[in-house]
Amino acid sequence: MEKTSTDTLPLTMIPPEEQETVCIFGTGDFGRSLGLKMTQCGYSIVFGSRNPRTSSLLPSGAEVLGYSEAAQKSDIIIIAIHREHYDLLPALTEVLRGKILVDVSNNLKIHQYPESNAEYLAQLVPGAHIVKAFNTISAWALQSGALDASRQVFICGNESKAKQRVMDIVRALGLTPLDQGSLLAASEIENYPLQLFPMWKFPFYFSAILCVFLFVYCVIRDVVYPYVNEKKDHTFRIAVSIPNRVFPIAALTLLAVVYLPGVIAAILQLYRGTKYRRFPNWLDHWMLCRKQLGLIALGFAFLHVIYTLLIPIRYYVRWRLGNLTASQAISKKENPFSTTNAWLSDSYLSLGVLGFFFFVLLGITSLPSVSNMVNWREFRFVQSKLGYLTLILCTAHTLIYGGDRFLRPSSLRWYLPSAYILALIIPCTVLVIKFILILPCIDKTLTRIRQGWERNSKFSKSALNGQTDI
Ligand SMILES: Cc1cc2nc3c(=O)[nH]c(=O)nc-3n(C[C@H](O)[C@H](O)[C@H](O)COP(=O)(O)OP(=O)(O)OC[C@H]3O[C@@H](n4cnc5c(N)ncnc54)[C@H](O)[C@@H]3O)c2cc1C
Ligand SMILES: NC(=O)C1=CN([C@@H]2O[C@H](COP(=O)(O)OP(=O)(O)OC[C@H]3O[C@@H](n4cnc5c(N)ncnc54)[C@H](OP(=O)(O)O)[C@@H]3O)[C@@H](O)[C@H]2O)C=CC1
Ligand code: HEM
Ligand SMILES: [Fe+3]
């Protein structure tokens with residue numbers, strides 16, 4: 001990368017005698033990038049290195065000394081060295097006594113070592129104050145200035161004064177410090193950058209399995225069945241018709257799966273008569289990934305809408321329409337206009353459009369820039385009330401689209417009902433249970449439980465004693 005004038009000049013012109021000196025151990029990628037950023041923000045940097053010589057890669061003006069000499073220049077030392085090389089530090093115990101050592105290290109695997117790197121550092125250099133910080137910021141982001149991935153710096157340590165000094169540096173760099181408590185939190189902070197979309201795992205696998213199942217189901221009903229029974233080749237349906245069944249059904253099912261844990265939680269609280277017992281882990285986890293499930297559902301709904309736009313320009317649809325018109329002209333018989341059908345068709349389309357509108361609204365309010373602008377009550381109102389409205393509209397769209405067909409035995413193929421019936425199972429179940437839960441007598445009890453009332457106070461004692469649930 002070519003150096004611009006801002007790379008070399010400190011952004012804030014602080015006179016050298018007022019600049020705080022910070023020492024960085026290690027002249028590798030991270031040490032250099034952090035050093036450059038800190039120089040730009042008005043710090044004076046001294047690098048500690050096995051090979052003390054200045055290089056064009058280091059920020060100009062930075063001093064490079066041996067580890068021991070560099071450590072004497074500052075009372076804050078950022079250890080930009082891999083844990084595997086920390087063995088050089090015990091020899092420096094005397095120089096490092098009373099100093100603040102900032103551990104920035106990451107590992108290659110979650111729980112790679114029995115203790116966190118920061119705790120290991122504390123064992124190696126017992127006289128120093130250890131603070132964990134910066135491990136969630138990448139060298140690349142520091143260097144390119146494009147800190148758009150995350151500006152949050154998790155911090156933990158046992159001495160609050162030491163933590164404050166590090167947080168001041170973090171703020172000076174334009175980042176946001178988040179105090180996570182004592183050094184015990186270090187292993188969690190170290191695991192954080194190693195996780196790959198943890199909250200997306202379950203929603204992703206669930207929707208993938210759902211789509212594969214629905215696809216196979218539709219292929220059996222819409223392609224294999226006509227071939228076996230009528231020797232008709234309907235394989236072309238795999239391109240548009242079947243995706244336009246799989247995606248909307250997946251969207252509706254996932255939307256219902258977002259609201260299902262809420263009703264299960266309510267039933268559990270009613271059954272136990274208290275809100276003070278922990279939910280089972282699976283339910284906790286499910287509750288926590290509702291946003292991700294909802295966003296995947298929204299993605300599928302978008303696909304359904306786009307595929308629906310294709311319907312009028314499909315060859316198969318135009319061919320059928322043309323043939324119908326021609327056969328009516330030949331037989332000189334017109335199909336009578338059915339007001340009922342017109343109503344049904346317009347209503348299901350309109351319900352679909354409205355459902356989609358609220359679906360998108362839910363998606364928009366989940367953007368952090370929007371959700372930060374509303375208070376939690378407004379957010380809950382949108383997510384919970386409008387969420388249920390979306391579920392009702394989309395379920396009604398599918399119900400009316402199906403019309404009276406699901407009562408007809410002729411729509412069964414090899415005993416398999418139409419795919420849209422599968423789409424209705426979970427949404428209808430959720431809506432029926434929710435309807436029961438909001439009946440005044442049940443709602444009153446549930447509200448009391450959620451305000452802290454307990455049916456049987458023995459329950460709460462057992463919970464307080466640490467006994468958890470089923
Ligand atoms: C497109 C889309 C985007 C989404 N984005 C987000 C998002 O950004 N963030 C997010 O969290 N979810 C998101 N979701 C998921 C979902 O909308 C929310 O989790 C929603 O709040 C669930 O509503 P609920 O009524 O089922 O559950 P909850 O709001 O959890 O509650 C269930 C019921 O219990 C009551 N209740 C719950 N806890 C208490 C309590 N402590 N005291 C008193 N009463 C209580 C509520 O009033 C409600 O009636 C999204 C969904 C979709 C479809
Ligand atoms: N790169 C990144 O994006 C991020 C890195 N980190 C953490 O920062 C630390 C440094 O990472 P990074 O700069 O990428 O790594 P590098 O391998 O680029 O640099 C490590 C530096 O450690 C020093 N060192 C000391 N002893 C040894 C030794 N025995 N063998 C090799 N090097 C040694 C070297 O500096 P010298 O030659 O001057 O002595 C070397 O340049 C790591 O703990 C890493 O987990 C954290 C967040 C992001
Ligand atoms: C702009 C909004 C929408 C329009 C115009 C629309 C239109 C349609 C049309 C035309 C069909 C029939 C498809 C066919 O004949 O093969 C259909 C079916 C369906 N739609 Fe929608 N829809 C919309 C939004 C939604 C949304 C938001 C959902 C749910 C999340 C949804 C769920 C379904 C389902 C489950 C089916 C039945 C699929 C099947 O088995 O064939 N729709 N929709
Ligand atoms: Fe998850």
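A contact here means heavy atoms within 4.5 Å of each other. By that rule, 72% of the contacts in the chain with a separation of 6 or more come from residues 24 or more positions apart. This is a predicted model, so to speak a computed picture: local features need pLDDT of at least 70, side-chain atom pairs count only at pLDDT 80 or more, and totals for chains, interfaces and linings use all residues. Residues are numbered from 1 along each chain as its sequence is written, and side-chain values use heavy atoms, with hydrogens and water left out.

On to the overall build. The chain has 19 helices and eight strands, which are DSSP runs numbered from the N terminus (helices H or I, at least four residues; strands E, at least two). Its radius of gyration, taken over C-alpha atoms, is 31 Å, whereas a compact globule of 470 residues would be near 23 Å (the globule rule is 2.2 Å times the number of residues to the power 0.38). Along the principal axes, the C-alpha atoms fill a box of roughly 100 × 65 × 40 Å.

As for burial, 42% of the 470 residues count as buried, that is, under 20% relative accessible area with a 1.4 Å probe, protein chains only.

What about disulfides, and how many does the count come to? The count is zero, a disulfide being a pair of cysteine sulfur atoms within 2.5 Å.

Definitions and conventions: Chains are lettered from A and ligands numbered from 1 in the order in which they are written. Buried means under 20% relative accessible area, exposed over 50%, partly exposed in between (1.4 Å probe, protein chains only).
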